[in-house]
Amino acid sequence: MLINREDIEAMPHLYRVAFINSLSGFKSANLVGSVDREGRTNLSIVSSCTHIGAHPPLVAMIIRPHSVERHTLENILATGHYTLNQVHAGIYRPSHQTSARYPKEVSEFTAVGLTEEWRDDFVAPYVKESKISLGMALREHHHLSINGTELVIGEILQVQLPSECLMQDGFVDIEKAETVALSGLDSYHRSQRLARLSYAKPDAPLQDLE
């Protein structure tokens, strides 16, 4: 089956959105916790978080066009801080519900039944129920003219995770935290590791690390 550019352009809007969003494969599912200058909290699920670099420790995410109110983006720009909270198998349903368009005066924490938690005087709220969470500081923000989306790059300031998820070599075993993956806009998945492999070199065979 071959689908070309003309076929894609001819697709009904919602069909095309579902189709294109599914093509990039499995994506991370994170809840972005933020707060405005009046102390009103916000929580939204994103599937666009991407590792940028380890030194400094940077994570990027794409936020949809700011043509309508985007409370998450507005809060991040106002305070310079936010949290990323991994979605796990126990909270994927309320996490998905945060994608609903609640008014600014309604906190998604309250609306979906998740708990905001303030840790170590960090500016933005964490999700208490999340097992792996990152405290982030805004480092760069770019408007992407190609489609109107907003690129947000943050630096990791804090990491909260269960000690049993941190391996001796620094690897974080997210399967032990039951972290889920997203495909498309609404399909949630458990993962099953096939292997951890050694660093690839042209003159050495791959080794299983576990």
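Where does Asp121 lie?

A: Happy to walk you through this one, and please keep in mind that the model is predicted. Asp121 lies in the loop between β7 and β8. Its phi is near 60°, a positive value in a residue that is not glycine. With a relative accessible area of 80%, Asp121 counts as exposed, because the cut-off for that word is over 50%.

Asp120 is found in that loop too, between β7 (116-117) and β8 (126-127). The phi of Asp120 is near 50°, again positive in a residue other than glycine. Asp120 has a relative accessible area of 60% and is therefore exposed.

Ser34 is found in strand β2, which covers residues 30-35. Whereas Asp121 is exposed, Ser34 is buried, with a relative accessibility of 0%. The side chain of Ser34 is also joined to that of Asn75 by a polar contact of 3.1 Å.

Asn75 takes us to helix α3, residues 71-79, where the buried residues are His71, Thr72, Leu73, Asn75 and Ile76. An α-helix has 3.6 residues a turn, so residues three or four places apart point the same way. The buried residues of α3 pack against several strands: β2, β3 (41-46), β5, β6 (81-86), β9 (133-143) and β10 (150-160). After α3 comes Gly80, with a positive phi near 80°.

The peptide bond from His55 to Pro56 is cis, and its omega is near 5°. Pro56 has its place in the loop between β4 (50-54) and β5 (57-63).

Loops can hold buried residues here as well. Met11 lies in the loop between α1 (5-10) and α2 (13-23). Met11 has 11% relative accessibility and so counts as buried, the cut-off being under 20%. Residues up to four places away in sequence aside, Met11 touches Ile3, Arg16 and Phe19.

Now step back to the chain as a whole. The secondary structure comes to 5 helices and 12 strands. The radius of gyration is 18 Å, close to the 17 Å from the globule rule for 210 residues, so the chain is as compact as a globular protein of that length. The C-alpha trace spans about 55 × 55 × 30 Å along its principal axes. Buried residues make up 39% of the 210. Among contacts with a separation of 6 or more, 57% join residues 24 or more positions apart.

Note on methods:
Residues numbered from 1 in each chain as written. Predicted model: local features only at pLDDT ≥ 70, side-chain atom pairs only at ≥ 80, totals over all residues. Heavy atoms only, no water. Helix = DSSP H or I, 4+ residues; strand = E, 2+ residues; numbered from the N terminus. Rg over C-alpha atoms; globule rule 2.2 N^0.38 Å. Buried < 20%, exposed > 50% of the residue type's maximum accessible area, 1.4 Å probe, protein only. Contact = heavy atoms within 4.5 Å. Polar contact = N/O pair within 3.5 Å; in protein donor to acceptor, adjacent residues only side chain to side chain.
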